[in-house]
Amino acid sequence: MTYPDKPLPDLAPVQETMFEGAALTYARHRPGLPDAAARLLADTLRDQPSPVLLDLGTGTGQVPLALLSTGTDLKHIEAVDVSPQMLHQARRALTPLLGHCTLTLVHAAADAYEPLATLPGEPDSGPDLITCCRSYHWMNGEAVLEMADRIATPGAAVAIMGDGSLWTHDADWTRALRELIQRYLGAERRAGARRSYAEPRRSYEEDLAASAFSDVTEHLFPVTRTWAPQEVLGYLRTTSFAGASLFAERHQAFEDEALALLHAHAVDGSLVEEATFRVLLARRPAGAR
């Protein structure tokens with residue numbers, strides 16, 4: 001079951017979205033959550049009678065999709081993203097799995113999001129789990145965590161999670177691929193067409209320590225992924241550092257070189273990524289609220 005989507009009225013200009021037009025490719029080529037990470041999130045909701053999920057920077061809905069796929073009995077999902085195309089893909093993926101769970105899609109920047117209404121028949125409702133998966137680095141973390149404290153239920157958890165990217169992964173084939181991207185786009189890592197990527201001013205742990213959600217545990221999940229060369233190209237088209245628009249008329253030339261490079265590094269047609277999916281699970285200290 002779905003409820004009407006909620007564009008925020010009078011919303012201040014949201015951050016530039018680097019992923020417009022890439023939603024379908026994103027849905028096809030971005031890795032989902034490891035099963036063990038999904039089970040960890042599900043465990044945070046186990047004692048909640050009517051669990052509510054707020055997923056910030058939902059993209060194509062990977063977090064709620066993972067939770068629903070574990071059999072988690074969610075009452076409501078609030079999925080927030082700056083891209084209407086991403087939200088459209090999220091609706092397509094989630095609707096067949098909803099059952100009695102309700103879904104609201106919110107077109108907004110995470111750090112500008114405010115709930116416009118409580119759930120029908122639930123005047124004191126709020127999220128029991130707030131998630132940011134591979135998205136927190138694009139947000140104003142302080143604003144997001146302040147908002148989370150205002151709206152979350154007393155026992156709620158905040159989960160900030162991710163596993164880097166093929167830009168940050170250290171292997172022979174990813175180093176060679178990164179060098180090729182730099183040859184086309186310059187040495188600095190791009191963050192869309194208008195700027196270079198800047199590391200966050202503070203670590204995620206420092207943000208959480210300064211917030212109401214200062215009781216933090218770290219969970220690490222090793223992940224082995226096997227990529228075919230063409231799958232890597234599909235993944236690159238979804239990124240802020242190697243999306244097609246950054247190359248303009250040179251994109252085909254880049255992909256031709258990249259495909260040859262990837263085939264040269266592949267073993268039996270495959271490229272292996274050994275990643276670590278990290279979850280920072282944060283709560284308010286006992287008795288804080």
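Predicted model: local features only at pLDDT ≥ 70, side-chain atom pairs only at ≥ 80, totals over all residues.
**Figure 1. Arg134 in the loop between β4 (129–133) and α5 (141–151).** Residues are numbered from 1 along each chain as its sequence is written, and side-chain values use heavy atoms, leaving out hydrogens and water. Arg134 isn't a glycine, yet its phi is positive, at about 55°. With a relative accessible area of 15%, Arg134 is buried (buried is under 20% relative accessible area, exposed over 50%, partly exposed in between, using a 1.4 Å probe and protein chains only).

**Figure 2. Ala248, in the loop between α9 and α10.** Most residues other than glycine have a negative phi. Ala248 has a positive one, near 50°.

**Figure 3. Leu56 in strand β1 (residues 52–56).** Leu56 has a relative accessible area of 0%, so it counts as buried. Its C-alpha atom sits 8.3 Å from that of Ala109, which is 53 residues away along the chain. Setting aside neighbours within four places in sequence, the contacts of Leu56 (heavy atoms within 4.5 Å) include Val80, Ala110, Tyr113 and Ile130. Cys132, Cys133, Met139, Val144 and Met147 are also among them.

**Figure 4. Helix α8 (residues 229–237) packing on helix α10 (residues 251–265).** The two axes are 9 Å apart, at an angle of about 140°; axes are lines fitted to C-alpha atoms, for helices over the stretch in contact, and angles run from 0 to 180 degrees between N-to-C directions. That makes α8 and α10 oblique to each other (under 35 degrees is roughly parallel, over 145 roughly antiparallel, 65 to 115 roughly perpendicular, and the rest oblique). On the α8 side, look for Pro229, Gln230, Val232, Leu233, Leu236 and Arg237. From α10 come His251, Phe254, Glu255, Ala258, Leu259, Leu262 and His263. By class, that's eight nonpolar, three polar and two charged residues (nonpolar: Ala, Val, Leu, Ile, Met, Phe, Trp, Tyr, Cys and Pro; charged: Asp, Glu, Lys and Arg; polar: the others, Gly among them).

**Figure 5. What covers α8.** Pro229, Val232, Leu233, Gly234, Tyr235 and Leu236 of α8 are buried. Their cover includes α1 (23–29), α6, β6 (215–227), α10 and β7 (271–283).

**Figure 6. Thr239, in the loop between α8 and α9 (244–247).** Thr239 is buried, at 3% relative accessibility. Its side chain reaches the backbone oxygen of Leu236 at 2.8 Å.

**Figure 7. Helix α6 (residues 172–185) against α10.** Here the axes lie 10 Å apart, at an angle of about 165°, so α6 and α10 are roughly antiparallel to each other. Their crossing is right-handed. Asp172, Trp173, Ala176, Leu177, Leu180, Ile181, Arg183 and Tyr184 make up the α6 side. They meet Ala253, Phe254, Glu257, Ala258, Leu261, Leu262 and His265 of α10. Sorted by class, the contact of α6 with α10 has eleven nonpolar, one polar and three charged residues.

Definitions and conventions:
Helix = DSSP H or I, 4+ residues; strand = E, 2+ residues; numbered from the N terminus. Polar contact = N/O pair within 3.5 Å; in protein donor to acceptor, adjacent residues only side chain to side chain. Left-handed = near helix turned anticlockwise from the far one by under 90°.
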